[in-house]
Amino acid sequence: MTTREFGKTWTKREVVKSSFLYLLHFLLYLGIAAILLFADKWSDLGNFLSQNGSNYMYAIFCTFLLFVITYLYFFFENRTLLENGKNIALVFIVLDMYLIISCLIGYKIAIYARPVALVALLIFVLIGRREAIFMNVICAMLIFIIDTFAVPEVTMQECYSSLVISFSAGMFAIFLAGKARTRLSIVKIGLFIVIPIDLVIFLLEITKFIAPVETLISDSSLAGWSGLLTQIGYGFFGGVMSTVIFLAVLPIYEYSFNCLTAFRLRELTSSDAKLLKKLKEEAPGTYNHSMMVAQLAEASAAAIGEDVDYARAAALYHDVGKLHYPEHFTENQGDYNLHDELTPELSADIIRSHAKDGYTLIRTHRLPEFFADVAIQHHGTMPIRYFYAKALKMTDGELNIEDFSYMGPKPQTKIAAIIMIADASEAVVRASGARTPEEAEKAIRAVIEERMDLEQFSECDVTMADLTKIRQALVNALTGVYHHRIKYPNIKYRRTEHGTKGENE
């Protein structure tokens with residue numbers, strides 16, 4: 001028995017494994033909820049359960065139903081999340097953390113003081129928008145079930161208020177966080193979502209405190225309005241704390257689950273990033289080449305609608321494997337070429353090893369797996385033409401071209417394909433001295449056609465239309481960098497009594 005999604009075959013064993021992991025996390029969620037809800041009732045737990053047992057059984061059934069729906073959603077909409085137990089754990093740890101915070105704040109301080117947008121923000125940044133929207137709904141319903149059926153002290157009006165607040169605040173946070181790239185912008189989101197939170201609190205709680213006109217100045221009426229303002233204050237606290245807690249725990253999730261977020265991208269692409277700093281010091285030529293490829297990848301990604309931040313970051317790290325033997329790569333050499341002393345076979349081994357070395361180095365430094373994948377894929381299975389030709393001149397027999405080719409795999413994503421093309425195009429245009437758009441276009445077209453002939457794009461979903469847009473973007477970018485410059489006259493300037501004077505040399 002197998003199930004398929006976008007060509008991916010799932011065996012029955014994989015379905016059972018992911019289901020089992022989900023069940024374990026569901027039981028852990030119930031265990032945490034039980035500890036939080038019954039912590040102060042252990043002395044009379046039997047009596048309490050005998051009076052409220054049916055409510056708790058209904059709450060357990062509803063919670064189980066929501067988790068089944070969640071599993072089915074990921075199974076049909078984002079099955080890649082279920083392929084890795086680490087991803088499943090990520091989703092549930094976010095839910096577990098919110099459950100703990102909600103119970104401690106909601107039942108010890110005030111139900112409106114909960115950080116209601118926390119789950120939405122975390123799932124959005126760590127996984128994606130669609131998943132965040134879905135999990136925001138699920139989270140709001142989970143807390144509503146617990147409030148309604150497991151905590152008798154909470155009134156029904158508070159339950160419904162909390163449900164509406166959780167849903168609306170989470171949705172606002174998701175839509176506002178789309179373009180957030182700095183910590184300050186996240187704090188601003190917290191201040192903005194306070195508006196719908198406090199508006200809902202005001203509209204749903206105002207009926208408790210409105211008094212007849214003739215008693216507006218009575219003590220009870222003033223106490224009622226004071227209570228309303230207190231609840232609004234709790235709402236403000238909940239909205240702001242959503243972003244404060246998010247900023248506090250996000251680095252922990254980023255590091256623990258090796259997630260690539262917009263905030264982490266900015267840190268990993270700064271000049272102070274450890275590997276990039278090392279590359280700049282030990283292989284400056286490779287560093288400058290990587291910076292150029294990053295600009296080209298960014299322009300190409302924008303042209304076909306891919307994530308420009310991902311493309312730029314992956315391009316910066318695509319050649320870090322050259323740190324193992326920096327002096328064996330042309331861009332880091334001076335007048336002397338070390339390969340003159342080596343056999344073509346050994347030279348090819350050193351050159352092609354940088355793809356695998358880059359993968360290993362990135363994984364060793366616990367950088368995002370996406371970077372490592374691009375590093376090992378950006379040459380695919382392309383032959384190393386120079387050393388293959390050199391070996392042909394030195395032998396009379398036939399050579400196995402695979403001994404002079406990169407080991408792959410071929411690009412698996414559009415961004416990996418972009419970096420493969422940008423990497424080769426930058427080198428070819430720079431080496432050939434192509435300066436006009438026509439010359440650059442001819443060189444880049446040859447690069448793309450060669451890789452198409454060798455089926456380098458057969459394992460990713462890049463289309464002919466994408467390749468055309470990539471080519472045009474690269475032509476524009478490269479001719480802007482390697483453009484013609486006028487020849488400056490050779491004049492020597494000197495200062496005289498009457499001012500500055502120039503003379504031809």
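## A buried charged pair

Asp319 and Lys322 are both buried. In this predicted model, their side chains form a salt bridge with an N to O distance of 3.2 Å. Together with Glu331, Asp319 and Lys322 belong to a network of salt bridges.

## Other salt bridges

The count of salt bridges comes to 12. One of them joins Glu450 to Arg385, with the closest N and O atoms 2.1 Å apart. Because Glu450 lies in helix 17 (residues 437–453) and Arg385 in helix 15 (residues 385–393), this pair ties together parts that are 65 residues apart in sequence. Glu450 is partly exposed, at 24% relative accessibility, whereas Arg385 is exposed, at 55%.

Glu426 pairs with Arg430 in a further salt bridge, where the closest N and O atoms are 2.9 Å apart. These two residues are 4 places apart in helix 16, so about one helical turn separates them. Glu426 is buried, with a relative accessibility of 2%; Arg430 is partly exposed, at 40%.

## Nonpolar cores

The largest nonpolar core comprises 84 residues, and Leu82, Leu122, Phe246 and Tyr253 have the most contacts inside it. Among the helices that each supply at least two residues of this core are helix 1 (12–38), helix 2 (45–77), helix 3 (85–108) and helix 8. Helix 3 gives the most, with 13 residues. Beyond its neighbours within four places in sequence, Leu82 is in contact with Trp10, Ser18, Tyr22, Tyr71, Phe74, Phe75 and Ile88.

Another core, of 62 residues, lies apart from the largest one; Ala283, Val293, Ile362 and Met382 are among its members. In soluble globular proteins, nonpolar side chains tend to be buried together.

## Helix 12 and its surroundings

Helix 12 spans residues 308–317, and its residues Ala311, Ala313, Ala314, Ala315, Leu316 and Tyr317 are buried. The buried residues of this helix pack against helix 9, helix 10 (274–282), helix 11 (284–304), helix 13 (344–364), helix 14 (369–377) and helix 16 (414–432). At the start of helix 12, a side-chain oxygen of Asp307 comes within 2.9 Å of the backbone nitrogen of Asp309.

Phe257 is located in the loop between helix 8 (219–256) and helix 9 (262–268). Its relative accessible area is 13%, so Phe257 counts as buried. Leaving out residues up to four places away in sequence, Phe257 touches Lys86, Ala89, Leu90 and Ile93. Phe257 and Pro368 are 111 residues apart in sequence, while their C-alpha atoms are 9.3 Å apart in space.

How values were computed:
Residues are numbered from 1 along each chain as its sequence is written. This is a predicted model: local features need pLDDT of at least 70, side-chain atom pairs count only at pLDDT 80 or more; totals for chains, interfaces and linings use all residues. Side-chain values use heavy atoms; hydrogens and water are left out. Buried means under 20% relative accessible area, exposed over 50%, partly exposed in between (1.4 Å probe, protein chains only). Contact means heavy atoms within 4.5 Å. A polar contact is a pair of N or O atoms within 3.5 Å; within protein, one must be able to donate a hydrogen and the other to accept it, and residues adjacent in sequence count only if both atoms are side-chain atoms. A nonpolar core is a set of buried Ala, Val, Leu, Ile, Met, Phe, Trp, Tyr and Cys residues joined through side-chain atoms within 4.5 Å. A salt bridge is a side-chain nitrogen of Lys or Arg within 4 Å of a carboxyl oxygen of Asp or Glu.
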